[in-house]
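Visitor: I've got a protein on screen and a few things I'd like to ask about it. Could you walk me through it?

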Amino acid sequence: MDTGTPHKHEFKAEVSALLKLVTNSLYTNQEIFLRELISNASDALDKARFEALTNRELLGRDLAPEITLTADPDRKLLIIEDNGIGMSQEEATRNLGTIAHSGTLEFLRRLKEQQQSGERPDVNLIGQFGVGFYSAFMVADRIDVYSRSAHAGHAAVHWSSTGDGTFTTAPADREIRGTRIELHLKDEATEFAERLRIENIVRRYSNYVMHPIKLQVLEDGKPTGDAQQVNEASAFWTRSPKDLSEDDYKAFYKHVMGGYVMPGDEPIAHLHFSADAPIQFSTVLYIPGRPPADLFMEDRKSLTLFARRVMIMESCDKLLPLYLRFIRGVVDSEDLPLNVSREMIQEHKVLTGIRRSLTRKVLKLLAELASDKPEEYAKVWRNFGAVLKEGIHTDSDHHDDLVELLRYRTSSSGDDSISLAQYVEAMPEGQDAIYYITGNDPAALARSPHLEACRARGFQVLLMTDAVDEWVVQDLREYKEKALISVSQGDFELPEEDEKKNEEAAKEIESTLTRANEVLREQVKEVRASKRLTESPSCLVDDEGDLSRNMERILRMANQAVPTRKRILEINPTHPFVRTLNTIASEAPDDPRISTWIELLHDQAALAEGQVADPAGMVKRLQSLLSEVAGHS
Ligand code: ADP
Ligand code: MG
C-alpha cells in the first residue's frame, strides 16, 4: 500500500530499448524470467547474510533466509518474495531504471545487429547474458515491487511499471526487510501461476540455489496448506563425487552458468575435490564447452567464492591465474573469515593458497585430457588455446607444464594441430631446430615463400596465428634443447650439403645484387642472396632483433606507435628470372629493363605477403614485362 504520492520517472534510453525487445520480440523461453527473479532474490539474501555478520544495526538480523513464491491463478498473479537486503526508494529507482551491466549492454548490441541484418533475434542469447529483472515484462503487463532496505533509516518503497517507458515510485508501508515482486500476468502467460509449471521451472533452473524456495498456490484467494519447498537448496559440492552422476554434474553446471546451457555446450570436463591441509576447501570446477560470452570483457564472471556455505563473492578472480579465466565453478572454504570486507578477502592469504592448489589441479586435468582424450583436448584448445598461451608469458612457475599443452598447425599437418613433443618426434635426420612463422592467416602462412627451404628438406614449420604467439616465441626460445627459429626473420641458414653450390650461385649474381642495392636503396635495408628460397624468386625478411611483420601489425591494431623501418629483400640466386636478370646486368649494364625487373622482384615479395606499397607502379612494370614476353613469342 502506498503511503504518499507516487513519483513518475522515465526509464533510461537503453532500458526502454531493452523493454521493447523483451515485450515485443522474445516469444520463446519466457520461463527464464523466474530464474532471473529468483537469482536476484538469492543475491539479496546472500548480501543480507553477509552484512549481518558485521552490521549489528541490520534490520531483521537473525531472519532465516527464504524465498517464497505465491501463485494466485484466479487473479492472474505470481508473487516472488524474499527477506534479503531490500532496496530504498533511491536504490529501487537506480537499480530498476538503468542497466549497469556491460553483459546486458552487449546482449542489446548483438540483438540490434541481428535485427539490422534482417535476422530474427536469437532469444537464446538471453540465456547467455541474462537480462535480469526486465525479463519479467515478457510475462507481466504490470509489475509492482514493494521493498524495504535492511539498512536502518529507509522507508519502504513501492515501484510500479507497465513496461512502457515510465515507472513510478512511492513510499509504502512494508515492515520487514526484503522485496516482494508482484507480477500481473498477461492473459497468454497465466500458465506461470500454475503449480506444476512453476515447480518444473524452479527445479530446472534454480534447483541449486542455496536458499529454500517455497511455493504456495492459492485457491479462491486462500492458501491450500503450508508452502512447500520446491528446490534442493543444498551445497552441491559438499556431496560425495561417488554419489553423483554425469547428469548431476551437468545440472549443476547449468546452475553455475546462470541456468542456461545450449545443447552441445555441455562442459568438456569437471573437477570435484576437497583439500584439508594446509587450507581446507572444496571445489567443483568446469571446463566450459564453449567460450563464455564475456571471456574478453573486463567485468567477466569467474569462480564463485563461498565461506562456510555463505556466498561471499559471486565472481572472484583471485582464485585462478588470468590465463585460466575460462574455468567456471565454485570454491568453498572453512578457513576464510566471514567478518571481513570483500576488499580484504581479495587480498587474503588463504586465497593465494587455494589458487596455488587449483592452478596445479587444473593444469593436471588439462594434461590428462591432452594425453587420454586428445579429441576433447582439441576442443579445449580451439576454445581457449589463445587464453592458455598467455600463461607462457605470465606464469614462469608452470612454464614447463604449459609448454606441453601448446598445439600448433604446421606446414604439413593440414587442419590438425600437434604438440611440440610431436613436432620434435617427427623431425627428420639433419634437422636440429624448430621452425616457425607468425602471421594472422594460416592459409597465407602455409603458402609463404619463407617456407620453401624447409619444405624442400621435409622440415615442418609451425604456423602461429594468434596475436599472443609473438609473446610465446619470445619466452619460449627453445624446447628440448632445440632452438625455435623464425623462417621469416634473421639470417636464415639450414644445415645443408649443397651449401657450397649456394655460395657459388650467390657469387654469380654479384652484379644483380650490387645493382639491386642501388635501385632499392630507399625501400629496403639490404638486398642479399637468399638461402631460404627454392621456388620463388624473392621474399622480404625481418632483420634479426627487429619487430616481426606480424608483431608490427598487432601493435598497430592496438593503436600503438610503431617506428617505420626497412626490411631486407632476399633473392633466389637459382631462379631463372634472377639468372636472366643477372646476365643482362653483367652484359648490358645500361639496359633500362634492369631496374624495372629489380623493382618487380621487390613487388613480388611484397605481394606474397599481401601488401604492395605502389600497386599502380607494379601494374605498369608487369605490363612492360608482359609486352616484352609477348613481343618475343
Ligand atoms: P543483476 O542481477 O544482473 O544486477 P537485474 O536486472 O537482475 O541485474 O537486477 C538489477 C538490480 O536490481 C540488482 O543488481 C539489484 O541491485 C536490484 N534488485 C533486483 N532484485 C532485487 C531483490 N529481490 N532485492 C534487492 N535488490 C534487487
Ligand atoms: Mg539479476
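Visitor: Which side chain does aspartate 469 join through a polar contact of 3.1 Å?

Guide: Keep in mind that this is a predicted model. Aspartate 469 sits in helix H16 (residues 469-475) and is buried, with a relative accessible area of 1%. Leaving out residues up to four places away in sequence, aspartate 469 touches Lys389, Tyr408 and Met464. The polar contact of 3.1 Å runs to the side chain of lysine 389.

Visitor: And how long is the polar contact between the side chains of aspartate 469 and tyrosine 408?

Guide: Tyr408 is among the residues that aspartate 469 touches. Their side chains are joined by a polar contact of 2.6 Å.

Visitor: How many disulfides does the structure hold?

Guide: Look at cysteine 454: the closest cysteine sulfur, in cysteine 539, is 12 Å away, so that's too far for a bond. A disulfide needs the two sulfurs within 2.5 Å. Both residues are tucked away, cysteine 454 being buried at 0% relative accessible area and cysteine 539 buried at 1%. The disulfide count for the structure is zero.

Visitor: How many residues apart in sequence are the parts that glutamate 66 and lysine 214 tie together?

Guide: The two side chains meet in a salt bridge, 3.1 Å from N to O. Glutamate 66 lies in the loop between helix H2 (32-52) and strand S2 (67-72), while lysine 214 is in strand S8 (residues 213-219), so the pair ties together parts of the chain that are apart in sequence by 148 residues.

Visitor: Which residues are joined with Glu552 into one network by salt bridges that share partners?

Guide: Start with glutamate 552 and arginine 565, whose closest N and O atoms are 2.8 Å apart in a salt bridge. Glutamate 552 lies in helix H19 (residues 549-557) and arginine 565 in the loop between H19 and strand S23 (567-571), so the pair ties together parts 13 residues apart in sequence. Glutamate 552 is buried, with a relative accessible area of 5%, whereas arginine 565 is partly exposed at 24%. Joined with Glu552 in that one network are Asp542, Arg556, Arg565, Arg567 and Glu609.

Terms used:
Residues are numbered from 1 along each chain as its sequence is written. Chains are lettered from A and ligands numbered from 1 in the order in which they are written. This is a predicted model: local features need pLDDT of at least 70, side-chain atom pairs count only at pLDDT 80 or more; totals for chains, interfaces and linings use all residues. Side-chain values use heavy atoms; hydrogens and water are left out. Buried means under 20% relative accessible area, exposed over 50%, partly exposed in between (1.4 Å probe, protein chains only). Helices (H or I, at least four residues) and strands (E, at least two) are DSSP runs, numbered from the N terminus. A polar contact is a pair of N or O atoms within 3.5 Å; within protein, one must be able to donate a hydrogen and the other to accept it, and residues adjacent in sequence count only if both atoms are side-chain atoms. Contact means heavy atoms within 4.5 Å. A salt bridge is a side-chain nitrogen of Lys or Arg within 4 Å of a carboxyl oxygen of Asp or Glu.
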